[in-house]
Every structure is written in C-alpha cells, then in structure tokens.
Amino acid sequence: MCKRFFALVLLAALALPLSLIAQTPSLAVQVDHTIAKVSPMLYGLMTEEINFSYDGGLYAELVRDRAIGEGRRALTHWTMAARGNSAVVVSVDAQIGPSAALPRSLKVSVTSATETAPAGVQNDGFWGIPVRPQTTYSGSFYAKTDSAGVPVTVSLVNDETGATAASATVTGLTGEWKQYTFTLKTAQAPVTANNHLILTIPRPATVWFDLVSLFPPTYHGRPYGDRIDLMEKLAAMHPAFLRLPGGNYLEGDHIAERFEWKNTIGPLVDRPTHPSPWRYRSSDGMGLLEFLEWCEDLKIEPVLAVYAGYSMAQEHVDAGPALESYVQDALDEIEFVTGDAGTKWGAERAKNGHPAPFPLHYVEIGNEDWFDRSGSYDGRYAQYYREIKQRYPDLQLIATAPIKSVKPDVLDEHFYMTAEKSFSDANHYDKTDRSGPKIFVGEWATREGEPTPNLQAALADAAWMTGMERNSDIVIMASYAPLFVNVNPGGMQWETDLIGYDALTSYGSPSYWAQVLFANHLGAEVVASTLANAGPWVYASVTRDEKRRKLFVKVVNASSDAATMTIALDGAPGVGREATLIVLSGKSPNATNSIANPEAVIPVERRIQIAGPKFERSFAPYSINVLELSY
Ligand code: AHR
C-alpha cells in the first residue's frame, strides 16, 4: 500500500516540469533540542618551524644566521663592508666561540680603516630588514677583540640610498667574550625592508662576533619576543590551544636532529641551534619557554608534543630500556612546564625567568607515527603512557596513530585535502564510534592555492568545519596546518599556509578568515538541525550559547548561485527581530588575498531584520555565513 502510494507520487512528479518539483532549500532548527556539547577547546593553533615560521617569521629577530653555530653553510647572509680605501676579511673562525654551545664565530679582520672610511661586516636580514620611523630597536652581540678598546658602530642602512636610519656605537671591547647591548632609534626613516645592518670599526683590528641580534618592538614588549602583527592575527582567531611544537619539526629527519627541548632553554648563548627537517637550521630562539610564553600572551593552553623515539628517516628507538632516557626527557619536559619552583625542572624554568608553572592538560606522544614502518609505535606509546600516567594521572595522552595495547585518551588524525575531498567528506565524523578515543584533528587543511589558500579552499574548509563542529563531542580539538609562510622566494617549503607575510607586512588568507569566523562564534552546544533540498554545495551547522541566549547558524554556500533558504527556528520562546550576519565571500573561487592585496576577501558584518521564527534568507554565491540570532 505504502509502496504503491510512493510509486504514484513518483509518477506524478515525473509528469511535472523539474522546476515545479524542486523544493526550496530549508534548514529546520530545533532550538531547544541539543545533541552534543561543543568542545570549548575545538579551535586551536599548530606550530612548527616550517616556511620560516619562527626565524624570519613570528620570532621577531631581524638578523639572519645570528649564531655562527655548527652546520652553517658559507656566510650567505654576512658579507664584508668596506668604505673608501678600507679593507676587511670576513670569515668563520671554527676554533673560537663564545660558549660550548656556540664554538664558532664570525671573524672580522680589518687591515685598513679610518674614522671616515671604516670597515666591518653586514647582514641582509630575512629578505631585508624592516625599518619604520620613530621606532626603537633593541640590539646585542657577543664580541672579543685583539685590539682592546676598539669601538664598534652598528647602523641600519638603506640598501639603495645608503642613508643611515639609526646608529649606535658600542665601546669597551676586550680580549674576553662578553655580551654588549645597544639601542637604535629611527627618526624620519622611510618605511621599507630594503635595509641592512652594518657593524664597522674605524681602525685595523680583529673582532670576533657571535649572536648579533636586533629586535623591533615586540608583542607585549617581551625581550627577544614575537612580531606584533602576527600575534595580533593569532589573537583574532580566538584559539584555545597551541600544539607545540608539532609536525616533522618535532621528529627531525634523524634522531640526532629531533626537537631536543633541553637545548632550547636558557640563555641564547647556551643554545646550539639545530637542523630542521625543512632544509634550514633553526636558531632555537623560539625555544620551549618562548612557546609557553606565546600561550600565556594569547591566554591559551599548550598541547605539549613530546619526542617519542621516531625520526623521519625511518630511525626509531625500540620500546624498553633503550627508550627510557627519551621517556625521562618527556617527564622532565612536563615538569619544566608544570612543576613548581621546588622541582628540579620547575626551578630551571624559574631561573629562566618564569617562576609560575603553566597549565597543561594534553600531551601528544610523537607525530604521525603511522609513517614508522617498523611497527614500533604501539610499544613506544604504551611505555610513555605508563610512565606519564604514573606521575601525572590527570594528563590526557594523545596518540598519533591507532594502537592496540592501551586505549589512548585521544587520537590525532591529519587531513590534507583537495577541495573536492573536503566537501565530500564533510560528514566524516557523523558516524564515528563514540566509545573510541576522542579525536584531535591536529593538522588539516584544504590545499588549493599557494602560498596561501584561495576562497575555494576556504569554502571547503568551512564545509569541513561544519562537520567537526557538529561532532565536537568526539572531535575535541582541531588545528589548521601549516599556520605561517614567509612569501618571499625560497620562503615556502609547503604550499597552502594560513597566514602570509614578508619582512614588513602580513595578511590572513580566506581560510584564515574562515577560522576566525568559526572560532569567534563557537557556541556551547550543538543544536539539532536538518538541512533539506540544499544540493551538494550547501553545508550548515547550528550551535547555541544558552547563557547569552545566542544561536549561531553557519551556512556555507559553495555554489556559483545564491542559495535562498527557509530557516525555521522551532522550540524557542521567541526570536529577536534583529540579527547579525557576517559574510565572507568573493566573486570567484580563485579570489584570494596577498601582500599586495591583503583584504580582497575579508568578512563583512551587518545587522539584518528577521521576520519571525520562520524566515527566508538568501546566501551569496561562494559565501561563508555566520548568522548570530537572539532567542
Ligand atoms: O604541516 C606540514 C607537515 O605535514 C607536518 O610537518 C607533518 O606533520 C605533516 O606531514
């Protein structure tokens, strides 16, 4: 009977023109029916040294190759500087350095120089040195000389005009290594990155330098701190956590090249620097404490990734006695983060300037250990799990690959996708078994566009985020990767990165803005909703914040046509007649942002009228929409 009825309806429908049977897309929302809690940790940040993310990026150091440590190639960024008839030879002295960690130095041998024709060495920075007017730069270097008392003049000089933007002279050099500090203050300098830093001496002498450093004003004024524009962009994302340091940077190509956190703390002169897997050496200026202070500045939690005995050239440490010292390193690291100043590593942190412990709830054991073909991860994870839980039973321990011998608290899954895949897989977690470990999507991105994603990628990201949000009872955390790219030639090792910059300016990609929109309108509970007749290009999720009586309706329209939709809000005592609509859209899926055009695709916010609990709304072609309603 029922079947016959449907057959009749189908026949009747087939007899009608298609336009008459197409139904208006609708979103039915049951405001008083929540289906899950939204994880308050859902959106966070993932970081590693890639694409000049720290050196030449967030870490605001302006001098490139400041440490003349082991493993540097030829002096690419240090060149001789001689005026008039002066003469100088610049080389690496492999026998003389300021510390055991930095056993080499920059040897500057001036054979001929005068006050008016000094000679020395210059550094070209990370694709230039940005100079702005009325700005104070903090500088320092380690030095010793064979000619006690020789003065060193440090200047910021324009590459093209030769004009000096700021200058200072350091005196008192001796035959012993010592750190000297100086300040450079600009007056009316033009805003440009076409500058170099030059250190000169006015008479024949040899000076050995190391750790030559220059910082512009930094975020929260931290010494040796972070770039203000980039930190502001991160703050605007309202992240909940920082996965530090994640990715291949944690593992290194070889075990000896892993992120050895103990080499990244304390005075810079005691940090040996290390090769990163992304083809350049890391200064380790962004060390463990700096990562934690980054969290503190953004008021977010660290998700601490500890090295777990696997490096990418298929090198691993077997579980058991061989792994013990690595597990101990992880325990020490957790103590450095969380221990009070009475503990060994808490005391070390206090000595480094931060007596207060940091909050910590999640520790990730390794990175992408499914790449380890030896199959050793199960045993390695289990050993870390046992040892860490014994001392820190409340910590949630994240596994980076499925394992059998213990049930991990959380599993980190990574997705690098085409737009097609992100759209088609947007419901990836709808059917995930809720009895399994919680999920951390620790790296993910739609990879369309380079160096930064275009609008098509942002639309696909947003579709994928509606799925994570709907399932955020199980998907408790997610972080886009990579976060940063220096867009200068040679700056990028991985295409499609969230935020682009050069020495002077930065911009957020359309995908960045999609993250901002979702994280700033998170809500606390997922509300039951049904999207009907919307076609394959429309995605939605609905959350609410009961305390603020706010409903967040997110609609992604990835089609080239506007999508007119009926939205019905049932189960709410009333609906505010005014709402806020924020739209991120562009004329074409290829629309994008860049250094030259940083705001081609940015969100636009406006107030709109709502007719009642059931209303129609047209969503623009290629748009990501957040509708914030009161109920
Ligand atoms: O995000 C870039 C790289 O992708 C990460 O370093 C690694 O974890 C992943 O394979």
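Predicted model: local features only at pLDDT ≥ 70, side-chain atom pairs only at ≥ 80, totals over all residues.
## Ligand surroundings

For Glu368, a side-chain N or O atom is 2.7 Å from a ligand oxygen, and for Asn367 the corresponding distance is 3.1 Å. Tyr416 places a polar side-chain atom 2.7 Å from an oxygen atom of the ligand. The ligand on its own would expose 280 Å², of which the protein buries 94%.

## The loop residue Asn471

Asn471 belongs to the loop that joins α10 (455-470) to β23 (475-480). With a relative accessible area of 4%, Asn471 falls under the 20% cut-off and is therefore buried. Apart from neighbours within four places in sequence, Asn471 has contacts with Tyr429, Asp430 and Arg434.

## Overall fold

The protein chain contains 11 helices and 34 strands. Its radius of gyration is 28 Å, close to the 25 Å given by the globule rule for 631 residues, so the chain is as compact as a globular protein of that length. The C-alpha trace extends over about 105 × 60 × 40 Å along its principal axes.

Of the 631 residues, 59% count as buried. Among contacts with a separation of 6 or more, 76% link residues 24 or more positions apart. The accessible surface of the protein chain amounts to about 25,100 Å², and carbon and sulfur atoms contribute 53% of it.

Methods: Residues numbered from 1 in each chain as written. Heavy atoms only, no water. Polar contact = N/O pair within 3.5 Å; in protein donor to acceptor, adjacent residues only side chain to side chain. Areas by Shrake-Rupley, 256 points an atom, 1.4 Å probe, with all protein chains shown as cover. Helix = DSSP H or I, 4+ residues; strand = E, 2+ residues; numbered from the N terminus. Buried < 20%, exposed > 50% of the residue type's maximum accessible area, 1.4 Å probe, protein only. Contact = heavy atoms within 4.5 Å. Rg over C-alpha atoms; globule rule 2.2 N^0.38 Å.
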